[in-house]
Amino acid sequence: MISWRIGCIGALALVLAACASPPVHYYTLMRQGDSAGALLPKPASFVFSLLPVSIPPQLDQAQLVVRSGVVSVLVLNGRRWLAPLADEVHSALAAELAHDTGAQNVSGLPPGNKPMVRIKVNLHRFDAVPARYVLLDANWSVRSLTHKHVLVCSSRIRKHADSAFAALVAAQQQALAELARRIASVTKALSTGRTPKCPPG
């Protein structure tokens with residue numbers, strides 16, 4: 001009787017092990033604090049507000065979405081974003097912009113006495129192709145609320161990506177960091193009343 005019970009318990013353990021879900025891996029587009037570089041700019045004389053980022057609806061998934069061919073994509077159930085993708089992109093861009101400009105992000109807060117620059121990003125493509133590349137395509141605008149100047153630009157950024165998913169996300173981080181650098185260069189100029197040209201690319 002005892003051996004029969006032990007056998008049943010062992011069989012049940014095997015069934016539960018077989019039915020157990022594979023582990024879920026979580027990813028973020030926020031780079032580590034020291035990844036953006038050790039040198040910080042001087043505190044800026046302006047503040048900025050990054051509006052919510054628009055992303056393609058087909059990418060608005062909890063899971064990572066990668067291209068597997070010309071017309072096919074894979075939704076990776078075991079690999080997910082730490083936060084909704086639009087929030088991940090917004091947080092990453094806001095952090096990179098704060099680092100590149102030295103300005104404080106006051107999204108949702110009163111600007112105080114400093115001049116305000118408002119930034120809007122529409123992300124049209126954020127393709128990820130394992131072992132090949134990451135492609136970011138975005139329109140963006142920077143508006144100085146103090147000087148009443150606005151500049152509308154577009155950027156297309158391509159980064160090499162390795163086959164590992166962590167490396168793929170790292171390439172996405174790099175693409176967002178490059179986009180932030182381009183926006184920051186315009187933002188600093190507009191904050192002083194100048195009207196710069198859009199960065200190339």
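## Angle classes and the model

An angle under 35 degrees counts as roughly parallel, over 145 as roughly antiparallel, 65 to 115 as roughly perpendicular, and the rest as oblique. The model is predicted, with local features needing pLDDT of at least 70, side-chain atom pairs counting only at pLDDT 80 or more, and totals for chains, interfaces and linings using all residues. Residues are numbered from 1 along each chain as its sequence is written, and side-chain values use heavy atoms, leaving out hydrogens and water.

## Packing of α2 and α3

Helix α2 (residues 85-101) packs against helix α3 (residues 165-191) at about 50 degrees, and their axes are 9 Å apart. The two helices are therefore oblique to each other. Axes are lines fitted to C-alpha atoms, for helices over the stretch in contact, and angles run from 0 to 180 degrees between N-to-C directions. Helices (H or I, at least four residues) and strands (E, at least two) are DSSP runs, numbered from the N terminus.

In the contact (heavy atoms within 4.5 Å), α2 contributes residues including Val-89, Leu-93 and Asp-100, and α3 contributes residues including Leu-176, Ile-183 and Lys-188. The contact residues divide into ten nonpolar, one polar and four charged. Ala, Val, Leu, Ile, Met, Phe, Trp, Tyr, Cys and Pro count as nonpolar, Asp, Glu, Lys and Arg as charged, and the others, Gly among them, as polar.

## Lining of the largest cavity

β3 (63-67), β6 (116-129) and α3 each supply at least two residues of the lining of the largest cavity. β3 gives the largest share, three residues. The lining divides into nine nonpolar, one polar and no charged residues. A cavity is a set of points, on a 1 Å grid over the protein atoms alone, where a 1.4 Å probe fits but cannot get out; lining residues have an atom within 4 Å of a point.
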